[in-house]
Amino acid sequence: MTETGPVPDPSDRPPTAPPAAAAVKIAIRGLHKRFGPKRVLEGLDLDVPEGRSLVVIGGSGTGKSVLIKSVLGIVTPDAGSIRVDGTELVGASRATLDAARRKFGMLFQGAALFDSLPVWENVAFGLLARRLVDRKTARERAIATLARVGLGPEAADLYPAELSGGMQKRVGLARAIAAEPEILFFDEPTTGLDPIMADVINELIRGLVRELGATALSITHDMASVRKIADRVAMLYGGKIIWEGPVERLDDSGDPYVDQFVHGRAVGPIEVGVERIG
Amino acid sequence: MSFLAAIGRTTLALLSTIGAVVLFAAEALARGLSGRLYWRQIARQMLEMGYFSLPVVGLTAVFTGMVLALQSYTGFSRFEAQSAIPTIVVLSMTRELGPVLAGLMVAGRVGAAIAAELGTMRVTEQIDALTTLATDPFRYLVFPRLLAGTLMLPLLVVVADVIGVMGGWLVSVYKLGFGPIEYINRTFEFLETQDVVSGLVKAAVFGFLLTLMGCYHGYRSKGGAQGVGAATTRAVVSASILILIANYFVTELFFAR
């Protein structure tokens with residue numbers, strides 16, 4: 001099995017465009033979510049500018065996944081507003097949510113491939129589900145999409161269980177981009193990968209987001225990944241976004257919480273205790 | 001007081017579970033019947049539940065028919081009523097043992113498999129992934145299983161009825177000295193349409209209940225491998241209990257007529 005990915009040169013990073021020029025693609029206001037007694041999100045505000053890649057950082061159990069799943073409509077927030085292209089999603093009808101989801105592509109932490117389906121059907125699932133193409137065309141589209149993530153056509157008929165972790169992530173990535181979404185979500189894209197494979201995935205994400213001209217919202221606690229894929233970074237702590245800025249400002253953010261997290265210090269304003277996760 | 005509180009808590013938990021199951025079933029039916037049907041999924045589930053359950057159901061039925069013949073001979077020969085054996089075997093199989101035993105066996109085989117599969121899909125975020133790919137998990141996962149269970153269990157029971165009668169025939173002819181043709185004739189002598197139909201209605205109800213339990217517990221499972229294991233156990237236990245309870249009520253429904 002070949003794993004020769006298109007690895008873009010890291011030096012061809014685009015010059016940072018003026019952030020003011022970009023329209024807001026996702027606007028989140030006052031988002032609240034609690035699970036039983038545990039308050040996870042407490043009035044979270046966040047704007048994701050169109051065509052940019054925003055990465056939310058934060059410790060384990062701080063609600064990063066809840067944030068992303070709220071936007072996807074998998075978790076229902078208790079209060080607040082999430083607007084995608086101006087359309088309110090909190091409390092929206094199933095039809096509105098489905099319409100919004102057509103703009104989305106999501107890479108799950110464990111890839112979440114359907115293990116009863118071969119790789120090509122996984123990749124083409126969104127196309128087939130929406131009846132955009134027939135099965136023959138879907139297969140061709142799937143193989144073309146697999147090529148974009150560096151997998152050859154011989155991978156198409158394998159089943160997810162036959163793939164390594166890195167290849168599963170690639171297939172998950174292919175599935176996320178197959179329908180050319182406007183917004184891509186990445187949930188801990190490098191978790192469980194060795195550093196080299198993590199870098200390959202990071203490069204792929206950067207390259208694909210740029211090719212598609214998509215807006216990206218990612219969550220991670222892997223700082224190497226943040227520096228590679230982010231245009232902007234937001235730090236989630238205590239159920240709120242406590243800092244947000246361009247990735248270049250990460251090291252001189254002037255925020256003691258961000259500083260502690262970026263440098264991975266056990267001692268600082270962030271208290272690490274034993275908590276239940278929601 | 002803590003004793004009373006415990007009773008109260010258990011009752012409330014039971015009621016809330018019943019409510020949740022009913023809502024789950026109503027949602028699955030409403031969404032499944034109103035939108036797109038996934039024929040490929042339905043066909044796959046029908047094959048899995050129907051065809052691949054045949055060996056288990058067949059084996060159960062043949063030995064049950066055989067044992068029925070032996071046991072009723074033991075009882076009925078005491079008052080010279082051996083000639084009733086074919087009737088006893090066929091009525092017991094079609095009205096009662098065919099559907100109940102097939103239901104319990106399939107609950108163990110299929111109900112557990114559904115709970116484990118959906119449970120694993122839940123904890124590995126595959127169900128979330130379906131949602132993000134604009135596919136309703138109720139339409140794609142739950143409804144095809146409910147439909148396949150409701151349709152395939154009656155077919156399995158027809159097979160079980162025939163094989164069970166054959167089991168009784170084998171024992172009666174080769175061990176108890178019945179004439180082979182005479183046994184067959186006596187089998188159909190007192191058999192009425194309603195005997196078979198009531199068994200098939202039971203089968204459809206059991207098929208729905210056991211797939212519902214598999215889907216409900218699998219869909220709602222959480223907490224990794226342990227959660228999936230617990231969901232599987234709950235699916236089989238609750239399906240078995242519901243089958244036995246429903247069995248009484250369907251029997252009474254037909255008895256009254």
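Helices (H or I, at least four residues) and strands (E, at least two) are DSSP runs, numbered from the N terminus. The legends below concern a predicted model, in which local features need pLDDT of at least 70 and side-chain atom pairs count only at pLDDT 80 or more, while totals for chains, interfaces and linings use all residues. Residues are numbered from 1 along each chain as its sequence is written, and chains are lettered from A and ligands numbered from 1 in the order in which they are written.

**View 1. Chain A as a whole, with nine helices and ten strands.** Of the 278 residues of chain A, 44% count as buried, a residue being buried if 20 or more other C-beta atoms lie within 10 Å of its own, exposed if 12 or fewer, and partly exposed in between, with C-beta atoms placed from the backbone. Among the contacts in chain A with a separation of 6 or more, 66% come from residues 24 or more positions apart, where contact requires that the C-beta atoms of two residues, placed from the backbone, lie within 7 Å.

**View 2. The hairpin of β9(A) and β10(A).** Strand β9 (residues 232-237) of chain A runs antiparallel to strand β10 (residues 240-246) of chain A, and six bridges join them; two strands pair if DSSP finds at least two bridges between them. Leu236(A) has Ile241(A) in β10(A) as its bridge partner. Two residues lie between the strands, and Gly238(A) in the turn has a positive phi of about 60°.

**View 3. The side of chain A that touches chain B.** Here 15 residues of chain A are in contact with ten residues of chain B. The elements of chain A that give two or more residues to this side are α2 (94-101), β6 (104-107) and α4 (125-129), and the largest share, three residues, comes from α4(A).

**View 4. Helix α7 (residues 180-189) of chain B and its buried residues.** Tyr183(B), Arg186(B) and Thr187(B) are the buried residues of this helix. Seen down the axis of α7(B), they fall within an arc of 110°, so they line one face of the helix; the arc is that of the directions from the helix axis to the C-beta atoms. On the other side of α7(B), Ile181(B), Asn185(B), Phe188(B) and Glu189(B) are exposed. The cover over the buried residues includes α4 (85-123) and α6 (137-174) of chain B.

**View 5. Surroundings of Phe185(A).** Leaving aside neighbours within four places in sequence, Phe185(A) is in contact with Ile68(A), Leu72(A), Phe104(A), Met106(A), Leu107(A) and Leu217(A).
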